[in-house]
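Thanks for coming, everyone. I'll keep this short. Please have the sequence and the structure open while I talk.

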Amino acid sequence: MKKMFTLMAAGLMVVTTACSSGNTKAPAEAGQGTPDKPVTITIVDKDLTPDDKLLKGIEEGMKAEGKNVKLQIVPVQSGTYSEKLGLLLQSGNIPDLIYFQGGDYQFAVTQKILEDLTPYIEKSTYVKASMNEYNKERTKNYPYLVWLSQTSNSVPVVREDWLNKTASGKELLANPTIDNYYNFLKEVKDKNGAKFAYTTAGTLDELDTTFGQAFGLTATWIKGSDGKYAFGKTTSFEKDKLEFYAKLYKEGLLDPEFLTKKWDTKEKAFYDGQAAVIAGTQGKVIDIYNTKTMSQNGANAKLMPLPPAKGKAQGYTPVDVSKESRGFAIGTTSKNKDMAFAVLEFLASPKGQMLDKLGVEGEQYNIVDNKIKLTDKFAEWYARFVESTVNFKPDKAFDPSTPYLSEPAVKSLEMMASMSSKDNSFIIPAELAAKWDACNALYREFAANVVTGKKSIADFDKFVQDWNAAGGKEMTEYANKTIK
């Protein structure tokens with residue numbers, strides 16, 4: 001699920017996207033293309049097809065600025081995108097622009113075929129302006145990917161009409177303690193005939209976004225009284241949290257099928273009224289949830305974002321700033337690096353954002369009475385390059401009947417911004433990656449077994465011993481050397 005202003009003169013755009021000093025060449029010599037001969041930029045992205053109208057819009061928009069570019073899609077085989085992309089790059093076919101969704105580390109650090117984007121970003125106008133603080137921190141730590149998007153953290157939501165039927169709902173909003181959350185989950189389930197209160201897809205991550213920090217899990221690595229860091233999921237905070245989750249499961253408040261739920265079945269359970277609370281990525285995903293819920297259940301079913309629980313601390317899941325988990329890279333072998341980045345710069349510009357976010361005028365939106373009115377086709381459009389709403393300020397207002405984001409979606413962005421914090425996680429070195437994977441697999445299995453009652457919380461100390469033996473001891477030693 002994913003994806004105006006007055007534009008700067010073309011000459012200035014050349015300066016802001018060029019990374020070589022003293023660039024005084026004529027446009028054709030500087031790689032801007034000529035009216036008769038465009039510069040071809042190869043791009044690999046699983047969400048783009050050769051006949052995509054977005055590509056045509058990019059080419060036309062950049063040509064109007066004096067940059068004649070032809071975007072050529074490089075196909076990848078069907079299957080897991082990160083794996084098939086890896087095979088493509090290993091074959092020596094390295095496009096100018098590469099969209100990664102995992103699997104980038106070996107190409108950036110080990111094989112060194114991804115360009116350091118720092119000088120491009122520093123000289124940019126629009127890419128830099130579209131970055132939030134987490135984007136800036138990530139590219140500082142890992143300068144090979146740029147992803148102009150909100151963090152993918154989730155926010156829990158409930159139907160407003162369901163919350164209003166409860167007495168505990170108001171108390172929850174005023175004082176979201178763990179006990180008040182528990183009381184609300186019980187009442188909202190019972191008062192509205194739901195089968196369970198909270199659903200999630202396959203993991204406990206979407207429960208953690210609500211409850212993790214309340215139990216004291218304020219970061220991946222927790223600093224103890226001895227000044228040393230321990231993996232949060234091996235601390236007493238995690239033990240208390242899992243005990244609470246097991247209580248929710250035993251009392252029918254947590255979806256009994258949460259381990260086997262997929263994204264689609266999780267969402268269907270919420271739309272159908274089987275679940276009272278669901279967590280979704282802030283912003284656009286919450287917007288989609290709101291639209292579908294109201295479409296199926298009526299206007300009173302508008303969603304209400306919920307705050308994170310309050311206890312030892314309060315906040316949604318801490319934000320990983322070690323690197324972007326996905327994003328666009330430029331191949332070091334590219335002969336047109338400046339033009340490749342110019343594509344990203346155009347898409348972050350006012351005109352580019354209108355195209356990427358809203359689609360094609362006359363199809364996904366119209367200008368009616370000097371306002372932007374979205375059409376039914378807009379529901380099928382999503383941003384492929386710039387999801388972030390930072391500095392997205394169209395020179396025309398949206399028609400009130402078709403806002404870009406619904407009220408609940410905007411509220412989720414505001415709540416995340418005010419109640420989020422940076423994590424202290426770090427990039428796992430290659431020599432420890434296998435052990436880290438084994439440690440995480442061990443945790444997931446143990447946590448699932450405790451929550452579903454197959455193991456007792458009394459087994460927690462044994463789990464910690466097994467975790468250390470599986471590689472956790474080495475990971476902890478590395479963490480204490482790495483975290484500053």
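What is the strand order in the open sheet that contains β1 and β10? Reading across, the order is β2-β1-β3-β10. That is 4 strands, with mixed pairing. Bear in mind that this is a predicted model.

Let's stay with this sheet. β2, residues 69–73, and β10, residues 327–330, stand at the edges. Each has a single partner strand, so one side of each has no neighbour in the sheet. From one strand to the next, the twist averages 25°.

Now the pairing. Strands of a sheet pair through backbone hydrogen bonds, either parallel or antiparallel. In which sense do β1 and β2 pair? They are parallel, and 5 bridges link them. Strand β1 covers residues 39–44. Ile 43 has Ile 73 of β2 as its bridge partner. Thr 40 stands opposite Lys 70, also in β2.

Helix α3, residues 81–90, packs on this sheet. The strands that α3 touches are β1 and β3, the latter being residues 97–100. The direction of α3 makes about 150° with that of β3.

Which residues of β2 are on the covered face, and which on the uncovered one? Val 69, Leu 71 and Ile 73 are covered. Lys 70 and Gln 72 make up the uncovered face.

Next sheet. There is an open sheet of 4 strands in the order β5-β8-β4-β9, with mixed pairing. Which strands stand at its edges? They are β5, residues 196–198, and β9, residues 303–305. Each has a single partner strand, so one side of each is left without a neighbour in the sheet. Ignoring direction, neighbouring strands here are turned by 30° against each other on average.

Strand β4, residues 154–159, runs antiparallel to β9, and 3 bridges join them. Opposite Arg 159 you will find Leu 303 of β9.

Helices pack on this sheet as well. One is α14, which touches β4, β8 and β9. Its direction makes about 145° with that of β8. Another is α13, residues 263–271. Helix α13 lies across β4, β5, β8 and β9, and runs at about 135° to β8.

On to helix against helix. Two packed helices are described by the angle between their axes and the distance between the axes. Take α14, residues 284–297, with α17, residues 407–418. The angle is about 150°, and the axes are 8 Å apart. An angle over 145 degrees counts as roughly antiparallel, and therefore α14 and α17 are roughly antiparallel to each other. Their crossing is right-handed. From α14, the contact uses Ile 286, Asp 287 and Asn 290; from α17, it uses Pro 408, Ala 409 and Ser 412. By class, that gives 3 nonpolar, 2 polar and 1 charged.

Now another pair: α15, residues 337–348, and α16, residues 350–358. They pack at about 80°, with axes 4 Å apart. That angle makes α15 and α16 roughly perpendicular to each other. Phe 346, Leu 347 and Ala 348 come from α15. They meet Pro 350, Lys 351, Gly 352, Gln 353 and Asp 356 of α16. This contact has 4 nonpolar, 2 polar and 2 charged residues.

Is Arg 138 buried or exposed? It is buried, because its relative accessible area is 9%, and buried means under 20%. Leaving aside neighbours within four places in sequence, Arg 138 contacts Thr 151, Val 319, Asp 320, Val 321, Ser 322, Lys 323 and Glu 324.

Then Gly 227. Where does Gly 227 lie? It sits in the loop between β6, residues 221–223, and β7, residues 229–231. Gly 227 counts as partly exposed, at 36% relative accessibility.

Notes. Residues are numbered from 1 along each chain as its sequence is written. This is a predicted model: local features need pLDDT of at least 70, side-chain atom pairs count only at pLDDT 80 or more; totals for chains, interfaces and linings use all residues. Side-chain values use heavy atoms; hydrogens and water are left out. Axes are lines fitted to C-alpha atoms, for helices over the stretch in contact, and angles run from 0 to 180 degrees between N-to-C directions. Helices (H or I, at least four residues) and strands (E, at least two) are DSSP runs, numbered from the N terminus. Angles under 35 degrees count as roughly parallel, over 145 as roughly antiparallel, 65 to 115 as roughly perpendicular and the rest as oblique. A crossing is left-handed if the near helix is turned anticlockwise from the far one by less than a right angle, and right-handed if clockwise. Contact means heavy atoms within 4.5 Å. Ala, Val, Leu, Ile, Met, Phe, Trp, Tyr, Cys and Pro count as nonpolar, Asp, Glu, Lys and Arg as charged, and the others, Gly among them, as polar. Two strands pair if DSSP finds at least two bridges between them. Buried means under 20% relative accessible area, exposed over 50%, partly exposed in between (1.4 Å probe, protein chains only).
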